[in-house]
Amino acid sequence: MFYDVVIIGAGISGAMCAYKLSKYKLNIAVLEAGIDVAAGSTRANSAIIHAGYDAKEGTLKAKLNVKGCEMMQELTDALGVHYKNCGSLVVGFDDYDREQIEILKKRGETNGVKGLRILDKRELHKMEPNVSPSAVCALFAPTAGIVCPYDLAFALSENAATNGAEFYFNFKVSSIEKTDNGYAVSDGNDTVCGKYIISATGIYCDEIAKMIDDPLPFEIIPRRGEYMLLDKAEGKTTQRTLFVTPNENGKGILVTPTADGNIIVGPNANVVDEKGDTSVTIEGLEEISEGARRLVPNINLGAMITSFAGVRPTPSTRDFYIQESEKCKNFIHVAGIESPGLASSPAIGDYVVDILKKCGLKLVEKPDYIPTRSKEGNFKLFYDMTDKERKAAIEKNPLYAKVVCRCENITEGDVVNAIHRPIPAYTSDMVKRRTRSGMGRCQGGFCNTKVAEIIARELGIPVDQVQKFGKNSNILCGKTK
Amino acid sequence: MHKSVVIIGGGPAGLAAAIGAYESGVEANDILIIEREKELGGVLNQCVHTGFGLTYFGEELSGGEYASRFIEKIEEYAIPYVTEATVLSVSKSKVIKFVSPQLGYTKVKADAVVLAMGCRERSRGTLNIAGTRPSGIFSAGSAQRFVNIEGYLPGKRIVILGSGDIGLIMARRLTLEGAKVLRVCEMKSHVSGSARNVEQCLNDFDIPLYLNSTVTKIVGEERVTGVVVSKVDENFKPIRGTGELVRCDTLVLSIGLIPENELTTEAGIKLDKKTNGAVVDQYFQTSLSGVFACGNVLHVHDIVDYVTAESINVGKACAGYVKGLIKPNKTKIPFEISDGVKYVVPQTFNFDPKKIDIILKRFVVYFRVSRDYEKAKITITSNGEELLSVIKNNIHSSQMHSVILTKKMAQVIEKNKNAKISVTEA
């Protein structure tokens, strides 16, 4: 099969490129090494839409961050993704911090961030009463927000799939060859050919670059960040994202609400040897606990419902690298996308489309373009519905009256729908990320049996063949005696 | 829809409350039990082991048998119930919203509500366990459900963390189903479950018990391939350098139960941080007038027999409330606790001075102690006056205990407007 554009990677950047390009009359393929969209850094990060005052003036990061942040509301509205423009606060504890905050404000203004304001102690505590009493000032950024990162990636991918983009999962690219009319991308078993290639491969972008013999002019350092997720009962700990004043090691440990009403704490930043190492450590959890208590001394970390880690691709240059390969025509690197990659993503998508245009890709809009996740519109979970919508959903499909996950009020209707969406779920983790079943305080203690049964029934497989996330992750080990 | 008494939860607590209310004069048709599973009985339905009913019936029954005694009564009395129904909210005006395939989206207005939602298990996420997040990690209850209800084996080589009764029972159950239970680890220096279960579930099957030890790391990318077990110090902190890798494919967690009070919280009902359940008075009425709570949603019980006894009384109190016999008294008397007491239920008293015994002739006080006592002296005082004093041998912090308040004692408490429970070494 020959495609106009082959996108490698279905993280937030790849999914965004697929979304932006699927508006046009193009054959698009997305190759993903994992079994699902958002399998890498997109799955586990702080989920913050940064306002854009962190990146140095004049960098690509600064430009795309501010622009991406501005685009987020409209994008998430169009696709039915949880997004909350909650604003953020960089909290200062002393004179040094105050100076840094002044610098950040100036930088933000140069970058084009709107509404930045420095709060005094009184105003800060009025806004967020749980912030440490020893805090003296803060930079308030009203344009910052929070989003569910994997749901955004699902939404983008589902829209692209609905508009004809083809997704290949478990496609771990092992070689890329030049052909007469483009490139042949192979995983050792199958080959997908395309004229234009976009490498949006996160922590693996350096390895992909090597495959076309065009190594990136910088290093990708895999840095693991660990997180703690707190029960929704603690959701009122803070209404806004709280940062400490950044230093040379980065943005530090933050405390923020999530788009779904939990509180998240983290991350630390430790260089790992293995790119896929998303294990958590006791030391790491202690480190982020300490960091969180510095911002919010009375934070109830005992309400932790889970801990997790993600690995982000930190470029040694600390800027995004998005451009056509100097050696290989029509091959676009989308590399070094660390934080604020999520916030920048809508602008990254546009930026890549512009590069492709310059490369000569013809963009003709589709007359029958579908702007939502599916032909039927976006997917609304029972838990997001109003009473009236719930009533109507149940009348149409009684499975919406059967609550499977009692912590999050996820129904069998939601689960069955997830299994049959444009990018279908067939493992319990895939169902979990699409529906939130098992993401509540009992962490699947009650719903895991039910979800496994529903998956087995819908796919026509025995329950003991249902997997958690693919490969050899079967939940059960056969029948009882 | 309007009902006199709506009971949320059709487990042992809800069933007993319904029976109590009916037997105290509430019409069957004026009661509704809302149950989220397909059948009444709650978690008892997945308990195929015996040991239920020794206190209440004086015989040894399986969980299912115990439940069916009450379900038969519900059928006999023709008390209506709806299954596969999940309550979404309880409002301050006692309007209950629920969904079910049978009735769709339903609102019911109740005069009295019984909260009987039970409890859930603590999950891995609440512990600081390092490592990966592969498949093969189960709470004891979900492992039990997979084995006893669905007929599937969660794993073949199993480590169990926590020595609560469910953990011990699952050690035996999984062994009988062909799995190898490598060990049961317990952080504390003594078992949380009963001595009987240690004998019958571990010793009879040569399953080793490791006290003062916990799981500190989970290993495995796709499926669990092992867990690191470490010794802990007296503060339950893992001791460095004591980690031992145990090769296994499954970790079963039996690390405690938490009352499920989401609906209670949303209704604005006051909770007790010690029990994680509602604050109640002697009728087990919560801070919201006409809303009662019983069973494991109120405080986690050791055995179901106590749940039944407690919940029958709550049913009676509901009937009294509906008939207007319970006159809400604005001044609530706090039931204070001394250092040796972890919690007490009820946490408050709210007597009608003229008719203290109008509904219940005597009042059961449930409590847990904060440490173990060889010989404990339990006293209840009011204004320094000793109302009750009993000596009990071998009082363990892992067990629930109870004493009974008579009408006379209640009169003193009502007169003095205060009460305190203390436990000291005798």
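In chain A, the centres of domain 1 and domain 2 lie 32 Å apart, taken over C-alpha atoms. Domain 1 of chain A covers 84-145 + 223-312, and domain 2 covers 382-465; such bounds come from an automatic or database domain assignment. The model is predicted, so local features need pLDDT of at least 70 and side-chain atom pairs count only at pLDDT 80 or more, while totals for chains, interfaces and linings use all residues. Residues are numbered from 1 along each chain as its sequence is written, chains are lettered from A and ligands numbered from 1 in the order in which they are written, and side-chain values use heavy atoms, with hydrogens and water left out.

The contact between the two domains of chain A takes seven residues from domain 1 and seven residues from domain 2. Contact here means heavy atoms within 4.5 Å. The two domains bury about 550 Å² between them, 34% of it on carbon and sulfur atoms. Buried area is the accessible area (1.4 Å probe) that two parts lose on being put together, summed over both. On the domain 1 side, A:Lys232, A:Asp260 and A:Ile305 supply 67% of the area buried against domain 2, more than any other three residues.

Three salt bridges are counted between domain 1 and domain 2 of chain A. A salt bridge is a side-chain nitrogen of Lys or Arg within 4 Å of a carboxyl oxygen of Asp or Glu. A:Lys232 forms a salt bridge with A:Glu408, at 2.7 Å from N to O. The side of domain 1 that touches domain 2 divides into two nonpolar, two polar and three charged residues. In this scheme Ala, Val, Leu, Ile, Met, Phe, Trp, Tyr, Cys and Pro count as nonpolar, Asp, Glu, Lys and Arg as charged, and the others, Gly among them, as polar.

A:Val131 sits in the loop between helix H4 (121-127) and strand E7 (137-141) of chain A. Helices (H or I, at least four residues) and strands (E, at least two) are DSSP runs, numbered from the N terminus. A:Val131 is buried, with a relative accessible area of 2%. Buried means under 20% relative accessible area, exposed over 50%, and partly exposed in between (1.4 Å probe, protein chains only). Leaving aside neighbours within four places in sequence, A:Val131 is in contact with A:Val91, A:Leu124, A:His125, A:Leu242, A:Leu295 and A:Pro297. A:Val255 is 124 residues away along the chain from A:Val131, and their C-alpha atoms are separated by 10.0 Å.

The contact between the chains takes 48 residues from chain B and 48 residues from chain A. Together they bury about 4,200 Å², 55% of it on carbon and sulfur atoms. Across this interface there are 20 residue pairs in polar contact, both residues at pLDDT 80 or more. By class, the chain B side has 16 nonpolar, 16 polar and 16 charged residues.

Seven salt bridges cross the interface of chain B and chain A. One salt bridge joins B:Glu84 to A:Lys402, with the closest N and O atoms 3.3 Å apart. Another joins B:Glu260 to A:Arg406 at 2.8 Å, N to O. This pair runs between chains, from B:Glu260 in the loop between strand E19 (257-259) and helix H6 (262-266) of chain B to A:Arg406 in the loop between strand E21 (403-405) and strand E22 (410-411) of chain A. B:Glu260 and A:Arg406 are both buried. A network of salt bridges links A:Arg406, A:Lys450, B:Arg36, B:Glu37, B:Arg145, B:Glu150 and B:Glu260.

Over all chains, the structure holds 46 salt bridges. Among them is A:Lys380 with A:Glu389, at 3.2 Å from N to O. A:Lys380 is partly exposed at 40% relative accessibility, and A:Glu389 is partly exposed at 30%. In chain B, B:Glu414 pairs with B:Lys417 in a salt bridge, the closest N and O atoms being 2.8 Å apart. B:Glu414 counts as buried at 9% relative accessibility, whereas B:Lys417 counts as partly exposed at 38%.

Methods: A polar contact is a pair of N or O atoms within 3.5 Å; within protein, one must be able to donate a hydrogen and the other to accept it, and residues adjacent in sequence count only if both atoms are side-chain atoms.
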